[in-house]
Amino acid sequence: MLRVGLVGAGFMGAHHAAGWAATPATLAGVLSLDPAAVRSLVGRYGGRAYASLDELISDVDVVDICTPTHLHYEMVLKAAAAGKHVVCEKPLARTIAQAEEMIAACEQAGVKLLVAHVVRYFPQYAQAKALVERGEIGEVAVVRLTRASFRPKRALDNWFLDSEKSGGMLLDLMLHDFDYARWIAGEVDTVFARSVSATRPDAPGDYALAILRHRSGAISNLESAWAYPPPLFRTSLQIAGSHGLIDHPADSAVPVRVHLMAGPGETPDIAVPASPLTETPYTAEIKEFYRALVHDTPPRVTAHDGVMAMRLAFAAMESARTGRPVSPQEV
(Lines give C-alpha, C1' and ligand atoms only; values in the text may rest on other atoms or scores of the structure.)
Protein backbone atom coordinates (compact mmCIF):
# COMPACT_ATOMS: atom_id res chain seq x y z
CA MET A 1 0.00 0.00 0.00
CA LEU A 2 1.37 3.38 -1.00
CA ARG A 3 1.94 5.95 1.72
CA VAL A 4 1.59 9.50 0.39
CA GLY A 5 2.96 12.64 1.98
CA LEU A 6 1.28 15.87 0.90
CA VAL A 7 3.36 19.05 0.86
CA GLY A 8 1.10 22.08 0.77
CA ALA A 9 -2.39 22.34 2.25
CA GLY A 10 -3.86 25.10 0.13
CA PHE A 11 -6.41 24.99 -2.67
CA MET A 12 -4.58 22.38 -4.78
CA GLY A 13 -3.40 20.44 -1.76
CA ALA A 14 -7.03 19.95 -0.72
CA HIS A 15 -7.93 18.68 -4.20
CA HIS A 16 -5.02 16.24 -4.17
CA ALA A 17 -5.91 14.98 -0.69
CA ALA A 18 -9.46 14.26 -1.86
CA GLY A 19 -8.07 12.46 -4.89
CA TRP A 20 -5.83 10.18 -2.84
CA ALA A 21 -8.80 9.37 -0.59
CA ALA A 22 -10.48 7.84 -3.65
CA THR A 23 -7.59 5.36 -4.14
CA PRO A 24 -6.26 2.49 -1.99
CA ALA A 25 -3.28 4.69 -1.05
CA THR A 26 -2.89 6.02 2.49
CA LEU A 27 -2.42 9.71 3.16
CA ALA A 28 0.39 9.54 5.74
CA GLY A 29 0.11 13.22 6.49
CA VAL A 30 0.55 16.83 5.46
CA LEU A 31 3.30 19.44 5.69
CA SER A 32 2.36 23.11 5.43
CA LEU A 33 3.07 26.52 6.91
CA ASP A 34 -0.68 26.84 7.60
CA PRO A 35 -1.47 24.81 10.76
CA ALA A 36 -5.22 25.35 10.44
CA ALA A 37 -5.25 23.99 6.87
CA VAL A 38 -3.20 20.98 7.97
CA ARG A 39 -5.61 20.23 10.81
CA SER A 40 -8.52 20.46 8.40
CA LEU A 41 -7.02 18.01 5.88
CA VAL A 42 -5.75 15.57 8.52
CA GLY A 43 -9.11 15.66 10.28
CA ARG A 44 -10.90 14.82 7.06
CA TYR A 45 -8.52 12.39 5.36
CA GLY A 46 -6.32 11.01 8.15
CA GLY A 47 -2.59 10.99 8.65
CA ARG A 48 -0.70 13.50 10.76
CA ALA A 49 0.96 16.86 10.61
CA TYR A 50 4.64 16.72 9.69
CA ALA A 51 7.13 19.18 11.15
CA SER A 52 9.70 19.06 8.32
CA LEU A 53 10.12 17.94 4.73
CA ASP A 54 12.88 15.52 5.71
CA GLU A 55 10.59 13.85 8.25
CA LEU A 56 7.78 13.52 5.70
CA ILE A 57 10.05 12.15 2.96
CA SER A 58 11.52 9.51 5.27
CA ASP A 59 8.05 8.24 6.15
CA VAL A 60 6.34 7.90 2.74
CA ASP A 61 6.56 6.25 -0.68
CA VAL A 62 5.21 9.20 -2.67
CA VAL A 63 5.79 12.92 -2.14
CA ASP A 64 2.92 15.01 -3.54
CA ILE A 65 4.06 18.62 -3.98
CA CYS A 66 1.36 21.31 -4.05
CA THR A 67 3.50 24.27 -3.04
CA PRO A 68 4.22 27.57 -4.82
CA THR A 69 6.07 27.07 -8.11
CA HIS A 70 9.44 28.41 -6.98
CA LEU A 71 9.64 25.73 -4.26
CA HIS A 72 9.15 22.72 -6.55
CA TYR A 73 12.77 22.38 -7.64
CA GLU A 74 14.45 21.78 -4.28
CA MET A 75 11.60 19.61 -3.00
CA VAL A 76 11.62 17.30 -6.02
CA LEU A 77 15.39 16.92 -5.90
CA LYS A 78 15.25 16.06 -2.20
CA ALA A 79 12.50 13.48 -2.74
CA ALA A 80 14.35 11.91 -5.68
CA ALA A 81 17.59 11.71 -3.68
CA ALA A 82 15.67 9.73 -1.06
CA GLY A 83 14.31 7.35 -3.70
CA LYS A 84 10.70 8.51 -3.42
CA HIS A 85 8.21 8.89 -6.27
CA VAL A 86 6.96 12.42 -6.89
CA VAL A 87 3.68 14.02 -7.91
CA CYS A 88 4.22 17.71 -8.66
CA GLU A 89 1.72 20.43 -9.45
CA LYS A 90 2.20 22.45 -12.64
CA PRO A 91 4.24 24.26 -13.70
CA LEU A 92 6.94 21.71 -13.03
CA ALA A 93 9.49 24.38 -12.10
CA ARG A 94 10.30 28.05 -12.36
CA THR A 95 12.91 27.60 -15.13
CA ILE A 96 13.57 25.14 -17.95
CA ALA A 97 16.98 24.26 -16.52
CA GLN A 98 15.43 23.40 -13.16
CA ALA A 99 12.74 21.23 -14.77
CA GLU A 100 15.27 19.29 -16.82
CA GLU A 101 17.46 18.73 -13.77
CA MET A 102 14.42 17.48 -11.85
CA ILE A 103 13.61 14.96 -14.59
CA ALA A 104 17.22 13.79 -14.77
CA ALA A 105 17.39 13.36 -10.99
CA CYS A 106 14.21 11.27 -10.93
CA GLU A 107 15.38 9.13 -13.84
CA GLN A 108 18.74 8.54 -12.18
CA ALA A 109 17.03 7.59 -8.93
CA GLY A 110 14.63 5.26 -10.73
CA VAL A 111 11.52 7.04 -9.44
CA LYS A 112 8.51 8.41 -11.26
CA LEU A 113 7.88 12.13 -11.69
CA LEU A 114 4.22 12.83 -12.43
CA VAL A 115 3.22 16.39 -13.31
CA ALA A 116 -0.35 17.51 -12.64
CA HIS A 117 -1.61 19.09 -15.87
CA VAL A 118 -5.24 18.58 -14.88
CA VAL A 119 -6.88 20.06 -18.01
CA ARG A 120 -6.16 16.81 -19.84
CA TYR A 121 -8.51 15.17 -17.33
CA PHE A 122 -11.47 17.53 -17.73
CA PRO A 123 -14.17 15.53 -19.55
CA GLN A 124 -14.77 18.01 -22.37
CA TYR A 125 -11.07 18.29 -23.15
CA ALA A 126 -10.48 14.54 -22.89
CA GLN A 127 -13.48 13.85 -25.15
CA ALA A 128 -12.23 16.33 -27.74
CA LYS A 129 -8.82 14.62 -27.73
CA ALA A 130 -10.47 11.21 -28.24
CA LEU A 131 -12.53 12.55 -31.16
CA VAL A 132 -9.39 13.95 -32.80
CA GLU A 133 -7.52 10.68 -32.33
CA ARG A 134 -10.39 8.73 -33.90
CA GLY A 135 -10.23 10.98 -36.95
CA GLU A 136 -13.77 12.27 -36.45
CA ILE A 137 -12.93 15.76 -37.75
CA GLY A 138 -10.09 14.80 -40.08
CA GLU A 139 -6.80 16.65 -40.01
CA VAL A 140 -6.59 19.32 -37.32
CA ALA A 141 -6.25 22.80 -38.82
CA VAL A 142 -7.09 25.37 -36.13
CA VAL A 143 -7.27 25.11 -32.34
CA ARG A 144 -8.84 27.97 -30.36
CA LEU A 145 -8.57 27.97 -26.56
CA THR A 146 -9.69 30.54 -24.00
CA ARG A 147 -8.94 30.58 -20.26
CA ALA A 148 -9.84 33.77 -18.41
CA SER A 149 -10.37 34.42 -14.73
CA PHE A 150 -9.92 36.94 -11.94
CA ARG A 151 -6.46 37.57 -10.51
CA PRO A 152 -5.52 34.99 -7.89
CA LYS A 153 -5.88 36.30 -4.37
CA ARG A 154 -4.51 35.21 -1.02
CA ALA A 155 -4.77 36.84 2.37
CA LEU A 156 -1.03 36.34 2.97
CA ASP A 157 1.92 36.09 0.58
CA ASN A 158 0.15 36.26 -2.77
CA TRP A 159 2.99 34.54 -4.61
CA PHE A 160 0.89 34.26 -7.79
CA LEU A 161 1.39 37.98 -8.40
CA ASP A 162 5.15 37.79 -7.81
CA SER A 163 6.55 36.87 -11.23
CA GLU A 164 9.82 35.74 -9.67
CA LYS A 165 7.89 33.06 -7.80
CA SER A 166 5.05 32.16 -10.18
CA GLY A 167 6.35 33.19 -13.61
CA GLY A 168 3.22 35.27 -14.10
CA MET A 169 0.02 34.48 -15.95
CA LEU A 170 1.60 32.86 -19.01
CA LEU A 171 3.47 30.27 -16.94
CA ASP A 172 0.73 29.74 -14.37
CA LEU A 173 -2.59 30.01 -16.26
CA MET A 174 -1.97 29.93 -20.02
CA LEU A 175 0.35 26.97 -19.42
CA HIS A 176 -2.74 24.74 -19.32
CA ASP A 177 -3.60 25.62 -22.90
CA PHE A 178 -0.02 25.50 -24.15
CA ASP A 179 0.00 21.90 -22.95
CA TYR A 180 -3.42 21.11 -24.40
CA ALA A 181 -2.72 22.68 -27.80
CA ARG A 182 0.46 20.61 -28.13
CA TRP A 183 -1.47 17.48 -27.04
CA ILE A 184 -4.02 18.08 -29.79
CA ALA A 185 -1.95 19.46 -32.69
CA GLY A 186 1.58 18.25 -31.98
CA GLU A 187 4.95 19.92 -31.63
CA VAL A 188 5.28 23.66 -32.13
CA ASP A 189 7.71 25.48 -34.43
CA THR A 190 7.06 29.08 -33.37
CA VAL A 191 5.14 31.11 -30.82
CA PHE A 192 3.99 34.70 -31.40
CA ALA A 193 2.46 36.47 -28.42
CA ARG A 194 1.31 39.77 -26.99
CA SER A 195 0.55 40.48 -23.32
CA VAL A 196 -0.38 43.44 -21.16
CA SER A 197 2.28 42.54 -18.58
CA ALA A 198 5.07 42.73 -21.18
CA THR A 199 4.50 46.45 -21.65
CA ARG A 200 2.71 47.37 -18.41
CA PRO A 201 4.08 45.15 -15.62
CA ASP A 202 2.29 47.22 -12.98
CA ALA A 203 -1.15 46.90 -14.58
CA PRO A 204 -3.90 45.71 -12.21
CA GLY A 205 -4.56 42.66 -14.39
CA ASP A 206 -3.10 40.77 -17.31
CA TYR A 207 -4.31 39.64 -20.72
CA ALA A 208 -2.45 37.72 -23.42
CA LEU A 209 -2.89 36.31 -26.90
CA ALA A 210 -0.59 33.65 -28.36
CA ILE A 211 -0.44 32.07 -31.80
CA LEU A 212 1.28 28.69 -32.11
CA ARG A 213 2.44 27.38 -35.48
CA HIS A 214 2.61 23.61 -35.25
CA ARG A 215 4.91 21.40 -37.32
CA SER A 216 1.82 19.71 -38.72
CA GLY A 217 0.73 23.01 -40.28
CA ALA A 218 -2.03 23.55 -37.72
CA ILE A 219 -2.43 26.90 -35.98
CA SER A 220 -3.47 27.38 -32.35
CA ASN A 221 -4.93 30.63 -31.05
CA LEU A 222 -4.75 30.99 -27.27
CA GLU A 223 -6.34 33.66 -25.09
CA SER A 224 -5.81 34.04 -21.34
CA ALA A 225 -6.59 36.69 -18.76
CA TRP A 226 -6.32 37.57 -15.12
CA ALA A 227 -8.83 40.37 -15.57
CA TYR A 228 -12.37 39.19 -14.85
CA PRO A 229 -14.41 40.29 -11.82
CA PRO A 230 -14.35 37.50 -9.20
CA PRO A 231 -15.69 34.85 -9.11
CA LEU A 232 -16.01 34.71 -12.91
CA PHE A 233 -13.98 32.09 -14.79
CA ARG A 234 -14.52 31.17 -18.45
CA THR A 235 -12.88 28.48 -20.55
CA SER A 236 -13.71 27.37 -24.07
CA LEU A 237 -12.26 25.18 -26.78
CA GLN A 238 -12.79 24.85 -30.51
CA ILE A 239 -10.95 22.46 -32.82
CA ALA A 240 -11.50 22.84 -36.57
CA GLY A 241 -10.48 19.99 -38.86
CA SER A 242 -10.68 19.09 -42.52
CA HIS A 243 -13.98 17.23 -41.94
CA GLY A 244 -15.64 18.98 -39.04
CA LEU A 245 -15.58 21.10 -35.91
CA ILE A 246 -15.45 20.34 -32.18
CA ASP A 247 -16.91 23.19 -30.16
CA HIS A 248 -17.19 23.65 -26.41
CA PRO A 249 -18.45 27.21 -25.85
CA ALA A 250 -17.73 29.15 -22.71
CA ASP A 251 -21.37 29.68 -21.76
CA SER A 252 -24.90 29.14 -22.92
CA ALA A 253 -26.31 31.69 -25.34
CA VAL A 254 -28.06 34.52 -23.55
CA PRO A 255 -28.82 38.07 -24.79
CA VAL A 256 -27.00 39.86 -21.93
CA ARG A 257 -25.44 38.62 -18.72
CA VAL A 258 -23.96 40.96 -16.12
CA HIS A 259 -21.25 39.73 -13.75
CA LEU A 260 -20.65 41.92 -10.72
CA MET A 261 -17.62 41.85 -8.46
CA ALA A 262 -18.07 39.45 -5.55
CA GLY A 263 -17.56 40.61 -2.00
CA PRO A 264 -14.71 39.59 0.33
CA GLY A 265 -14.71 35.93 1.27
CA GLU A 266 -17.15 34.95 -1.47
CA THR A 267 -14.62 33.45 -3.88
CA PRO A 268 -11.70 31.00 -3.64
CA ASP A 269 -8.10 32.17 -3.85
CA ILE A 270 -7.78 30.94 -7.42
CA ALA A 271 -10.34 30.16 -10.10
CA VAL A 272 -11.12 26.59 -11.09
CA PRO A 273 -13.45 25.68 -13.97
CA ALA A 274 -16.55 23.77 -13.00
CA SER A 275 -17.12 20.14 -13.92
CA PRO A 276 -20.56 18.50 -13.93
CA LEU A 277 -19.14 15.12 -12.93
CA THR A 278 -19.49 13.57 -9.49
CA GLU A 279 -15.79 12.69 -9.67
CA THR A 280 -13.69 15.79 -10.17
CA PRO A 281 -10.95 15.91 -12.82
CA TYR A 282 -8.45 16.26 -9.96
CA THR A 283 -9.58 12.92 -8.54
CA ALA A 284 -9.45 11.32 -12.00
CA GLU A 285 -5.91 12.64 -12.35
CA ILE A 286 -4.78 11.26 -8.98
CA LYS A 287 -6.40 7.88 -9.71
CA GLU A 288 -4.43 7.67 -12.95
CA PHE A 289 -1.25 8.64 -11.11
CA TYR A 290 -1.97 5.87 -8.58
CA ARG A 291 -2.26 3.31 -11.39
CA ALA A 292 0.97 4.59 -12.91
CA LEU A 293 2.77 4.14 -9.60
CA VAL A 294 1.32 0.73 -8.70
CA HIS A 295 0.82 -0.91 -12.09
CA ASP A 296 3.38 1.03 -14.16
CA THR A 297 0.72 2.13 -16.63
CA PRO A 298 1.60 5.23 -18.70
CA PRO A 299 -0.19 8.43 -17.60
CA ARG A 300 -1.60 10.70 -20.28
CA VAL A 301 0.80 13.47 -19.27
CA THR A 302 4.52 12.99 -18.69
CA ALA A 303 7.24 15.09 -17.08
CA HIS A 304 8.55 15.74 -20.61
CA ASP A 305 5.13 17.16 -21.51
CA GLY A 306 5.45 19.42 -18.49
CA VAL A 307 8.79 20.76 -19.74
CA MET A 308 7.50 21.28 -23.28
CA ALA A 309 4.52 23.29 -21.98
CA MET A 310 7.00 25.43 -20.05
CA ARG A 311 9.06 25.96 -23.22
CA LEU A 312 5.97 27.27 -24.99
CA ALA A 313 5.22 29.61 -22.08
CA PHE A 314 8.75 31.00 -22.02
CA ALA A 315 8.72 31.36 -25.81
CA ALA A 316 5.51 33.37 -25.47
CA MET A 317 7.10 35.58 -22.82
CA GLU A 318 10.09 36.23 -25.05
CA SER A 319 7.86 36.93 -28.04
CA ALA A 320 5.73 39.37 -26.05
CA ARG A 321 8.91 41.11 -24.89
CA THR A 322 10.62 41.31 -28.29
CA GLY A 323 7.69 41.46 -30.72
CA ARG A 324 8.99 38.57 -32.83
CA PRO A 325 8.04 34.90 -33.28
CA VAL A 326 10.12 32.65 -31.01
CA SER A 327 10.95 28.95 -31.31
CA PRO A 328 10.44 26.89 -28.14
CA GLN A 329 13.96 25.55 -28.66
CA GLU A 330 15.39 29.05 -28.21
CA VAL A 331 14.40 29.30 -24.55
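Guide: Axes are lines fitted to C-alpha atoms, for helices over the stretch in contact, and angles run from 0 to 180 degrees between N-to-C directions. This is a predicted model, in which local features need pLDDT of at least 70, side-chain atom pairs count only at pLDDT 80 or more, and totals for chains, interfaces and linings use all residues. Residues are numbered from 1 along each chain as its sequence is written, and side-chain values use heavy atoms, with hydrogens and water left out.

Visitor: Is helix 6 roughly parallel or roughly antiparallel to helix 9?

Guide: Helices are DSSP runs of H or I with at least four residues, and strands are runs of E with at least two, numbered from the N terminus. The axes of helix 6 (residues 123-133) and helix 9 (residues 175-185) come within 10 Å and cross at roughly 20°. Angles under 35 degrees count as roughly parallel, over 145 as roughly antiparallel, 65 to 115 as roughly perpendicular and the rest as oblique. Helix 6 is therefore roughly parallel to helix 9.

Visitor: Is Ala25 buried or exposed?

Guide: Ala25 sits in the loop between helix 1 (11-21) and strand 2 (26-31). Buried means under 20% relative accessible area, exposed over 50%, and partly exposed in between (1.4 Å probe, protein chains only). With a relative accessible area of 13%, Ala25 is buried.

Visitor: How far apart in space are Ala25 and Met1?

Guide: Contact means heavy atoms within 4.5 Å, and Met1 is among the residues that Ala25 contacts beyond its neighbours within four places in sequence. The two are 24 residues apart in sequence, but their C-alpha to C-alpha separation in space is 5.8 Å.
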